[in-house]
Amino acid sequence: MAASKVQAGDENPNRQKLVGKTKKPGTDHLQYVWHLRCDVCGMEYGANGSDFHHRKCPACQGGKPGLEF
Ligand SMILES: [Zn+2]
């Protein structure tokens, strides 16, 4: 699934859900910050769109710290 096809409400295999895409530049090449929410603990955080498919929650799954969103 290409990143451009991911829509709000989609969830990755780690139960991280896309709340929405922002216009804020991410920390990866040509990426924007996406607003994600962990369905396990409810943590909300920002992540590069390119990381969505394998992103883990920074609070309960040992993922990288979230970005501002
Ligand atoms: Zn979590």
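Predicted model: local features only at pLDDT ≥ 70, side-chain atom pairs only at ≥ 80, totals over all residues.
Student: Which pattern does the protein follow along the sequence?
Tutor: Helices (H or I, at least four residues) and strands (E, at least two) are DSSP runs, numbered from the N terminus. By that assignment the protein has 0 helices and 3 strands. Read along the sequence, the pattern is β-β-β.

Student: What radius of gyration does the protein have, and what does the globule rule give for 69 residues?
Tutor: The radius is taken over C-alpha atoms, and the rule is 2.2 Å times the number of residues to the power 0.38. For 69 residues the rule gives 11 Å, and the protein lies close to this, so it is as compact as a globular protein of that length. The radius of gyration is 11 Å.

Student: In what order do the strands form the sheet, and which are the edge strands?
Tutor: Two strands pair if DSSP finds at least two bridges between them. The 3 strands form an open sheet with antiparallel pairing, in the order S1-S2-S3. Each edge strand pairs on one side only, and these strands are S1 (16-25) and S3.

Student: How many bridges join S2 to S3, and how many residues lie between them in the hairpin?
Tutor: Strand S2 (residues 32-38) runs antiparallel to S3. In the turn of the hairpin, Gly42 has a positive phi of about 90 degrees. The strands are joined by 5 bridges, and the residues between them number 5.

Student: Which element gives the most to the largest nonpolar core?
Tutor: A nonpolar core is a set of buried Ala, Val, Leu, Ile, Met, Phe, Trp, Tyr and Cys residues joined through C-beta atoms within 7 Å. The largest has 8 residues: Leu18, Val33, Trp34, Leu36, Tyr45, Ala47, Phe52 and Leu67. The elements giving two or more residues to this core are S2 and S3. The most, 3 residues, comes from S2.

Student: Is Glu44 buried, exposed or partly exposed, and which residues does it contact beyond four places in sequence?
Tutor: A residue is buried if 20 or more other C-beta atoms lie within 10 Å of its own, exposed if 12 or fewer, and partly exposed in between, with C-beta atoms placed from the backbone. Glu44 lies in strand S3 (residues 44-48), and because 13 other C-beta atoms are within 10 Å, Glu44 is partly exposed. Two residues are in contact if their C-beta atoms, placed from the backbone, lie within 7 Å. Leaving aside neighbours within four places in sequence, the contacts of Glu44 are Val19, His35 and Arg37.

Student: Where does Leu30 lie, and is Leu30 buried or exposed?
Tutor: Leu30 has a positive phi of about 60 degrees although it is not a glycine. Its place is the loop between S1 and S2. With 9 other C-beta atoms within 10 Å, Leu30 is therefore exposed.

Student: What is the phi of Arg15?
Tutor: Arg15 is in the segment before S1 and counts as partly exposed, with 15 C-beta neighbours inside 10 Å. The phi of Arg15 is positive in a residue other than glycine, near 65 degrees.

How values were computed
Residues numbered from 1 in each chain as written.
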